[in-house]
Amino acid sequence: MPRPPDAPAVVTIASRGSRLARRQADIVAGLLRAAHPALEVAIATVTTTGDRDRRPFEDIAGTGLFVKEVEREVVEGRADLAVHSAKDLTARLAPGCSILCVPRRADPADAVVGGRGASGEHRLASLAPGAVVGTSSARRRALLAEARGDLEVAELRGNLDTRLAKVERGELDAAIVAAAGLERLGRDDLVATGRLDASLWVPAPGQGALAVEGVTERGDLAALVRPLDDAAAAAALQCERAFAAALEGGCSVPLGCLCVARGADLVATGFLGAPEGGSAVRDRVSGPAAHAAELGAELARALLDAGGDAIIAEAAAGRAPEPTAP
């Protein structure tokens, strides 16, 4: 495809500096070069506040500390585009910026690393009572408490390589991570044996998706990245982000949403749980892809009406709600 006549000859992509983040930026750079063979693409890495912050992940999750400096490179003109893991984005992007495209989505599921079963749920089942499972996600903690309340959950921070190494060294019996990250680092073997059922282990909104962000007024860049956009992935992300925004939830609130395309329609599954388990609500809605954001908001309302409002209130108060009746 020819490069738009007003598009720059060189495009700079801003990215976090971890191996996984660089791999994600490389994926987008490769797609750009394939779409525009004459285009020169450079990658500039940024160390974010979230990378430097040593506080527990729960204290900084959902605050944008993993994306703000990357966005600033774009806002201040040092980079043309920013590539993010879509699940890291806050509800509000940097002023004047928007998601210009969403490439084809990778596997959105969670995966368990560790254990000895033949597949994800069996690997969890193989862990002895009291085994230590690492995660820093409130959603994964709630789901783990629901599935195996007899396991101990440990704070697990650091990039994906660091987390995998802790399991391999025996510091943890297992860990729950994103399947997409494993795939992008070439660890498909761990996905094959550890993938968890996404209909039960509902992923974080945007998990597995990449978001390419840029200045909204840069029409030249929008045209440049348009060939990279996957309509189904973009609609699903729009739905999932609307769901999270309607619940005012960041990573500190145990919520999950997965939206998948079914022809011209979308099917969205939502989860909202108490931080330490004991109470959770799930629901599923469907509707036209053309109304993706409205669908996400509808799903959020359904969860709130089913008891999610009480879960959120109790979570905000810092105590777990009473278990719901079966």
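**Cysteines and a mixed sheet**

Trainee: Is C97 buried or exposed?
Mentor: C97 counts as buried, because its relative accessibility is 11% and the cut-off for buried is under 20%. Bear in mind that this is a predicted model.

Trainee: And C239, buried or exposed?
Mentor: Buried as well: C239 has a relative accessibility of 0%.

Trainee: Which cysteine sulfur is closest to the sulfur of C239?
Mentor: That of C259, at 3.8 Å. A disulfide needs the two sulfur atoms within 2.5 Å, so this pair is too far apart for a bond.

Trainee: How many disulfides does the structure hold, then?
Mentor: The count is 0.

Trainee: Switching to the sheet. What is the strand order?
Mentor: The order is β2-β1-β3-β9-β4, which makes 5 strands in an open sheet with mixed pairing.

Trainee: How much are neighbouring strands turned against each other?
Mentor: By 35° on average, with direction ignored.

Trainee: How do β3 and β9 run, parallel or antiparallel?
Mentor: Antiparallel, with 4 bridges between β3 (residues 81-85) and β9 (residues 210-215).

Trainee: What is the bridge partner of A82 in β9?
Mentor: A82 is bridged to E213 there.

Trainee: Which strands does helix α1 touch?
Mentor: Helix α1, residues 19-35, packs on the sheet and touches β1 (10-16), β2, β3 and β9.

Trainee: What angle does the direction of α1 make with that of β1?
Mentor: About 160°.

Methods. Residues are numbered from 1 along each chain as its sequence is written. This is a predicted model: local features need pLDDT of at least 70, side-chain atom pairs count only at pLDDT 80 or more; totals for chains, interfaces and linings use all residues. Side-chain values use heavy atoms; hydrogens and water are left out. Buried means under 20% relative accessible area, exposed over 50%, partly exposed in between (1.4 Å probe, protein chains only). Two strands pair if DSSP finds at least two bridges between them. Helices (H or I, at least four residues) and strands (E, at least two) are DSSP runs, numbered from the N terminus. Axes are lines fitted to C-alpha atoms, for helices over the stretch in contact, and angles run from 0 to 180 degrees between N-to-C directions. Contact means heavy atoms within 4.5 Å.
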